[in-house]
Amino acid sequence: MRKPIIAGNWKMNKTSLEAIAIAEELKRDLVDVGGVDIVVCPPFTALQSVSEALTDMNIAVGAQNVHWVDNGAFTGEISASMLKDFGARYVIVGHSERRQYFGETNETVNKRLRAALAHGLTPIVCVGENLAEREAGKTFDVIKNHCEGSLAGLSGDEAGRIVIAYEPVWAIGTGRTATPQQAQEAHAFIRQLLEKLFSADVAGDVRIQYGGSVTPENIASLIAQPDIDGALVGGASLKAQPFATIVKAALSSK
Ligand code: PGA
């Protein structure tokens with residue numbers, strides 16, 4: 001059985017004081033919740049304060065990006081060892097906003113992913129098609145390209161340690177969620193691909209999150225699908241109450 005995993009992607013939101021406030025609230029709301037991995041991904045500037053606020057809690061902290069080199073002349077970048085130093089255990093790589101606005105490619109996603117794994121961080125690798133690609137019938141081609149490119153050269157062992165987030169770009173921040181059937185179809189496709197690329201064991205172990213306008217209202221029907229193991233939540237993770245509700249609903253509906 002794959003343990004469900006719910007992660008909040010706070011994107012470029014929250015000062016450290018605001019971030020601590022939400023972390024404190026989540027702590028109270030989720031203190032007794034087990035059987036699900038809970039992750040929050042604040043901006044870099046709030047990583048340390050949120051990690052401190054969540055010390056010894058059942059909520060892990062993740063970053064939203066990582067550079068592949070450990071240190072050096074890379075102005076503006078942050079390395080995996082720096083993230084670990086700040087208490088991060090997870091890192092999102094290849095989010096569509098980074099692919100779209102910051103020139104992220106499969107090749108750079110792959111390098112970031114390997115750096116994360118090499119330092120013992122769990123990468124949450126984002127894949128997914130945009131609206132034009134879906135309408136052109138290219139959804140599976142895009143997913144295949146993102147998965148093959150981003151995961152290139154990984155051993156089965158390494159692949160078994162990642163989390164994949166299927167995030168159709170047209171569903172991100174739009175209020176237009178994929179239907180549970182659309183999401184399940186994509187997740188099943190990714191799982192088959194993992195079997196082809198690695199092994200049946202890896203395919204059976206890797207958790208695949210859905211992301212794109214997840215809310216307390218739609219999480220139950222999404223997570224009830226056999227290949228949906230969790231969610232990467234943007235907008236609804238910016239307040240404690242909806243995020244905590246999503247975590248609890250995910251647990252009770254899986
Ligand atoms: P959303 O964002 O929940 O606001 O659609 C999801 C994401 O971008 O990870």
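## The ligand and its pocket

A backbone N or O atom of Gly-173 lies 2.6 Å from an oxygen atom of the ligand, which makes a polar contact (a pair of N or O atoms within 3.5 Å). Two further distances to an oxygen atom of the ligand are 2.7 Å from an N or O atom in the side chain of His-95 and 2.7 Å from a polar backbone atom of Ser-213. Taken alone, the ligand exposes 290 Å², and the protein buries 95% of that; accessible areas come from the Shrake-Rupley method with a 1.4 Å probe.

This is a predicted model, in which local features need pLDDT of at least 70 and side-chain atom pairs count only at pLDDT 80 or more. Residues are numbered from 1 along each chain, and side-chain values use heavy atoms, without hydrogens and water.

Around the ligand are 13 residues (each with a heavy atom within 4 Å of it), and Lys-11, His-95, Glu-167, Gly-173 and Ser-213 come nearest. This shell divides into four nonpolar, seven polar and two charged residues, with Gly counted as polar.

Where does the ligand sit? The ligand sits in the second largest pocket, as more than half of its atoms lie within 2 Å of the pocket's grid points. A pocket is an open set of points on a 1 Å grid over the protein atoms alone, where a 1.4 Å probe fits, with protein on both sides within 12 Å along at least five of seven lines; lining residues have an atom within 4 Å of a point. The second largest pocket has a volume of about 210 Å³ and is lined by 21 residues, with Gly-173 and Ser-213 among those nearest its centre.

Terms used
Grid points are joined across faces, edges and corners, and a volume is the space filled by probe spheres set on the points. A polar contact is a pair of N or O atoms within 3.5 Å; within protein, one must be able to donate a hydrogen and the other to accept it, and residues adjacent in sequence count only if both atoms are side-chain atoms.
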